Amino acid sequence: MNISLAYHGSPMRAWLRTVSRALFCLAIGFTHPAAFAWAGLAQVDLVKVDLVKVDKSQRKMVLLSGGQPVKTYRIALGANPQGHKQQEGDERTPEGLYRLDYKKEDSRFYRAMHISYPNAVDKISAKARGVEPGGFIMVHGQRNWLSWLAPISQRFDWTDGCIALTNAEMDEFMALVDVGTEIQIEW
């Protein structure tokens, strides 16, 4: 009896096919959820990002796990990035410690995660100055239908105070960062 024919369609053959697909995905560095689905595996959280650090002066965002960098991105900010957000329309990204408090898939930008600005202190400060604090500050991808401009747009500060990534980076960010993760933003 031919052993290879005996295993045709068997659970062993299916297992080997799944393992070979998973190894292929890992070999090419493909950790996107779609790759794991294609391999027939559930995505495994290989890294638990516990802090997102943004250095506005360097236009850099670093994902950290246990104090160790996991991934670094070049970011675009608002047109007036230096300093803490003071009021609605000032085109600044807030500074301080916030939380990424929800994901937004139906944005005018390709995918987004909301930053918990304004907090209580921001609201009190804005009220004392007689202005609105602004809000709806996000980490997001490119404007819908304009992702082809990312190689150019990511070289400039073009948002209204949000933090922008390319769409591919945004997919990766959303896969690595859970809702509730802290984000520390500084100049």
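This is a predicted model: local features need pLDDT of at least 70, side-chain atom pairs count only at pLDDT 80 or more; totals for chains, interfaces and linings use all residues.
Colleague: Which residue in β8 does Leu-97 stand opposite?
Modeller: Leu-97 stands opposite Gln-184 there.

Colleague: Fine. How do β4 and β8 run, and how many bridges join them?
Modeller: Antiparallel, with four bridges joining β4 to β8, residues 182-186. Arg-99 has Glu-182 as its bridge partner in β8. For two strands to count as paired, DSSP has to find at least two bridges between them.

Colleague: What about β4 and β5?
Modeller: They pair antiparallel too, over four bridges. Lys-104 is partnered by Ala-112 of β5.

Colleague: What's the strand order in the sheet?
Modeller: β3-β2-β1-β8-β4-β5-β6-β7, an open sheet of eight strands with mixed pairing. At the edges are β3 and β7 (163-164), each of which pairs on one side only.

Colleague: Which strands does α6 touch when it packs on the sheet?
Modeller: α6 touches β1, β2, β3, β4, β5 and β6, a contact being heavy atoms within 4.5 Å. The direction of α6 makes about 150° with that of β3. For that angle, axes are lines fitted to C-alpha atoms (for helices, over the stretch in contact), and angles run from 0 to 180 degrees between N-to-C directions.

Colleague: Which residues of α6 are buried?
Modeller: Asn-167, Met-170, Asp-171, Phe-173 and Met-174, in a helix that spans 167-176. Their arc around the axis is only 165°, so they sit on the same side of α6. That arc is taken from the directions from the helix axis to the C-beta atoms. Buried means under 20% relative accessible area, exposed over 50%, and partly exposed in between, using a 1.4 Å probe and protein chains only.

Colleague: Why would residues a few places apart in a helix point the same way?
Modeller: An α-helix has 3.6 residues a turn, so residues three or four places apart point the same way.

Colleague: Now the core. How many residues are in the largest nonpolar one?
Modeller: There are 23, and those with the most contacts inside it are Val-52, Met-61, Val-139, Ile-163, Phe-173 and Ile-183. At least two residues come from each of β1, β2, β4, β5, α6 and β8. The largest share, three residues, is from α6. A core here is a set of buried Ala, Val, Leu, Ile, Met, Phe, Trp, Tyr and Cys residues joined through side-chain atoms within 4.5 Å.

Colleague: What does Phe-173 touch?
Modeller: Leaving out residues up to four places away in sequence, Phe-173 touches Val-52, Met-61, Leu-63, Tyr-73, Leu-100, Met-113, Val-139 and Leu-165.

Colleague: Switching to loops. Where is Ser-107, and is that residue buried or exposed?
Modeller: Ser-107 is in the loop between β4 and β5, and counts as buried because its relative accessible area is 16%. A polar atom of its side chain lies 3.0 Å from the backbone nitrogen of Phe-109. Beyond neighbours within four places in sequence, Ser-107 is in contact with Ala-112 and Asn-144.

Colleague: And Thr-159, buried or exposed?
Modeller: Buried, with a relative accessible area of 4%. Thr-159 lies in the loop between α5 (150-153) and β7. The Thr-159 side chain reaches the backbone nitrogen of Gly-161 at 3.1 Å. Not counting residues up to four places away in sequence, Thr-159 touches Ala-76, Leu-77, Gly-78, Ala-79, His-140 and Ala-164.

Colleague: What's the phi of Arg-111?
Modeller: About 50°, a positive value although Arg-111 is not a glycine. Phe-136 also isn't a glycine, and its phi is positive, near 60°. Arg-111 is in the loop between β4 and β5, and Phe-136 in the loop between α4 and β6.

Terms used
Residues are numbered from 1 along each chain as its sequence is written. Side-chain values use heavy atoms; hydrogens and water are left out. A polar contact is a pair of N or O atoms within 3.5 Å; within protein, one must be able to donate a hydrogen and the other to accept it, and residues adjacent in sequence count only if both atoms are side-chain atoms.
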